[in-house]
Amino acid sequence: MFTGIVEELGEVVAVEQLGDSSRFRLRGPIVTEGAKHGDSIAVNGVCLTVVEHADGEFTADVMAETLNRSSLGALAPGSRVNLERPMALGGRLGGHLVQGHVDGTGTITERTPGEHWEIVKIALPDGLARYVVEKGSITVDGVSLTVVDAADDHFTVSLIPTTLDLTTLGIKKPGDPVNLEVDVLAKYVERLLGHSSRTSGEPLA
């Protein structure tokens, strides 16, 4: 479980193609401190498992399912990535509960600079709009953000200078893809309400 508070702006060192999967080697001195084989690290919001680590770098295997559902397949050596270790039990929950399970990819369509912030508009893939609400939480490339406006096909977020300086969202351009993870609580509520309606014989709304 993660919080969406990025700890480090890392870098892809190498990408090895392994049939329908890939092995990534990434640089992240902060997130690899004390890391062990089998630990989890979120890379642009995708929960990956540490295979090997040494000298501030780690490798992770990325399955076809992950490549198909996220933007990780577009990464190449030199790409910058957002990195976060799992939250520790008893620690502060700085963002919101994030699983590192990407629900789909969106596309940045507009960037509007403000005096001390920047408004970013992101197009939504089909099926996710119902989970995105004004003032709700969403994870964009692993960054926990608050939704400013929500529509049927897009949403906007406001990025503060810290987010612009310390994450990849400061360098993403219109047309770039981003990984999206919606609030898991909304998905559980939808599932439970649907199950309740089916068992009671009432039609779904």
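Modeller: The side chains of Glu57 and Arg27 make a polar contact at 3.1 Å (a pair of N or O atoms within 3.5 Å; within protein, one must be able to donate a hydrogen and the other to accept it, and residues adjacent in sequence count only if both atoms are side-chain atoms). This is a predicted model, in which local features need pLDDT of at least 70, side-chain atom pairs count only at pLDDT 80 or more, and totals for chains, interfaces and linings use all residues. Residues are numbered from 1 along each chain as its sequence is written, and side-chain values use heavy atoms, with hydrogens and water left out.

Glu57 belongs to strand 5 (strands are DSSP runs of E with at least two residues, numbered from the N terminus). With a relative accessible area of 16%, Glu57 is buried (buried means under 20%, exposed over 50% and partly exposed in between, using a 1.4 Å probe and protein chains only). If residues up to four places away in sequence are set aside, Glu57 touches Val13, Arg25, Leu26, Arg27, Thr32 and Glu52 (contact means heavy atoms within 4.5 Å).

One of these residues, Arg25, also forms a salt bridge with Glu57, with 2.7 Å from N to O (a side-chain nitrogen of Lys or Arg within 4 Å of a carboxyl oxygen of Asp or Glu). Because Glu57 lies in strand 5 and Arg25 in strand 2, the pair ties together parts that are 32 residues apart in sequence. Arg25 is partly exposed, at 33% relative accessibility.

The structure holds 14 salt bridges. Another of them connects Glu134 and Lys135, at 3.6 Å from N to O. Glu134 is exposed, with a relative accessible area of 51%, and Lys135 is exposed, with 56%. To return to Glu57, salt bridges with shared partners join this residue, Glu11, Arg25 and Arg27 into one network.

Strand 2 (residues 21–27) and strand 5 (residues 57–62) run antiparallel and are joined by 6 bridges (two strands pair if DSSP finds at least two bridges between them). Within this pairing, Phe24 has Ala60 of strand 5 as its bridge partner. In a regular strand the side chains alternate between the two faces of the sheet.

Both strands are members of a closed barrel of 6 strands, in the order 1-2-5-4-3-6, with antiparallel pairing. From one strand to the next, the twist averages 45 degrees (axes are lines fitted to C-alpha atoms, and angles run from 0 to 180 degrees between N-to-C directions).

A closed barrel of 6 strands also runs 7-8-11-10-9-12, again with antiparallel pairing. Its neighbouring strands are turned by 45 degrees against each other on average, direction ignored. Strand 8 and strand 11 pair over 6 bridges, and Ile122 stands opposite Phe155 in strand 11. Strand 9 and strand 10 are joined by 4 bridges; their hairpin has 2 residues between the strands, and Asp141 takes a positive phi near 50 degrees there. Strand 10 also forms a hairpin with strand 11, with 3 residues between them.
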